[in-house]
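Hi everyone, thanks for making time.

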Amino acid sequence: MDGKLYLCATPIGNLGDITARVLETLNTVDLIAAEDTRNSIHLLTHFGIKTPMTSYHEYNKVDKARTLIAKLHEGQNIALISDAGTPAISDPGEVLVKMCQEEGIVVTSLPGPAACITALTMSGLSTRRFCFEGFLPPDKKERRTILELLANETRTIIIYEAPHHLVKTLRELGEVLGDRKISICRELTKRFETVLPTTINTALDMYETEDPRGEYVLVIEGKDVLELQKEKQQSFDSMSIEEHMSMYEAQGIDRKEAMKMVAKDRGISKREVYDYLIK
Ligand code: SAM
């Protein structure tokens, strides 16, 4: 019988946050696959765990996944741990999970710390609807596209960032999103944990004179829904009905559906759109 893959969340800064189920699993599986074995050895030593460990990281994520899957097919149970937090959240774990699913191997997740959720809950911003961006892509064009998409995002946005990129990211966020509310969550669960509720430009001023240090999660207020609706309305009003139809037809939407959408956007009936186009 195949073994099982256990995704084990580990502390993001405070060893007290490990769960009883994760400890039991790390003690009883046949093998632990760790993102950084040099880092995880401290965790395992602290809890007296003697299970063998192997590395599973960004640079061996496909080849090593094949090796791990072969072991799972032999019946071994494997635990996956990341550097910190929940495996598969902004780390190579997602590749292993996908490949295990394709192979029919059962994957289970043992919940625990995740920097994104910890930051969101203490951000003071709306937690009702949120989206997680992880790290913004390093590629310039892709990054710009994502930032532009985020400009109209109405949910609270969560972003991971390394300290040496923080100023650049804040600057770009300010340029594209405007001076929104932001909560800068730093060193979560650690001794110098801080949450700074501020705005993007104020944070930028601060970090341009003070070097960012430690680990950061940025939680940003989503765009106001009414403001977005108003902007959309204004852009529709500045178009002719033909231009408005072309906008949808260029997206591959058929003429009948486009007429429906144009009528809805402009708050008029389909008949009025039809009559206008006939004329
Ligand atoms: N898998 C992890 C999780 O569940 O949150 C995230 C891994 S990702 C490679 C590392 C990033 O998470 C860091 O660059 C930082 O943005 C964020 N992070 C991790 N631990 C943190 C902490 N204690 N305080 C603030 N941010 C943290």
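When I say contact, I mean heavy atoms within 4.5 Å. Helices are DSSP runs (H or I, at least four residues), numbered from the N terminus. Please keep in mind that this is a predicted model, where local features need pLDDT of at least 70, side-chain atom pairs count only at pLDDT 80 or more, and totals for chains, interfaces and linings use all residues. Residues are numbered from 1 along each chain as its sequence is written, and side-chain values use heavy atoms, with hydrogens and water left out.

So, which residues of H10 meet H12? On the H10 side we have Ile241, Glu242 and Met245, and they meet Val273, Tyr276 and Leu277 in H12.

Now the geometry: H10 (residues 241-249) packs against H12 (residues 270-278) at an angle of about 110°, with the axes 10 Å apart. Axes here are lines fitted to C-alpha atoms, for helices over the stretch in contact, and angles run from 0 to 180 degrees between N-to-C directions. That makes H10 roughly perpendicular to H12, a label for angles of 65 to 115 degrees; under 35 is roughly parallel, over 145 roughly antiparallel, and the rest oblique.

H11 (residues 255-266) is another partner: its axis and that of H10 come within 9 Å and cross at roughly 125°. That makes H10 oblique to H11.

Finally, the ligand. Backbone N or O atoms of Ile89 and of Leu188 each lie 2.9 Å from a nitrogen atom of the ligand. For Ala115, a polar backbone atom is 2.9 Å from a ligand oxygen atom.

Key
Helix = DSSP H or I, 4+ residues; strand = E, 2+ residues; numbered from the N terminus. Polar contact = N/O pair within 3.5 Å; in protein donor to acceptor, adjacent residues only side chain to side chain.
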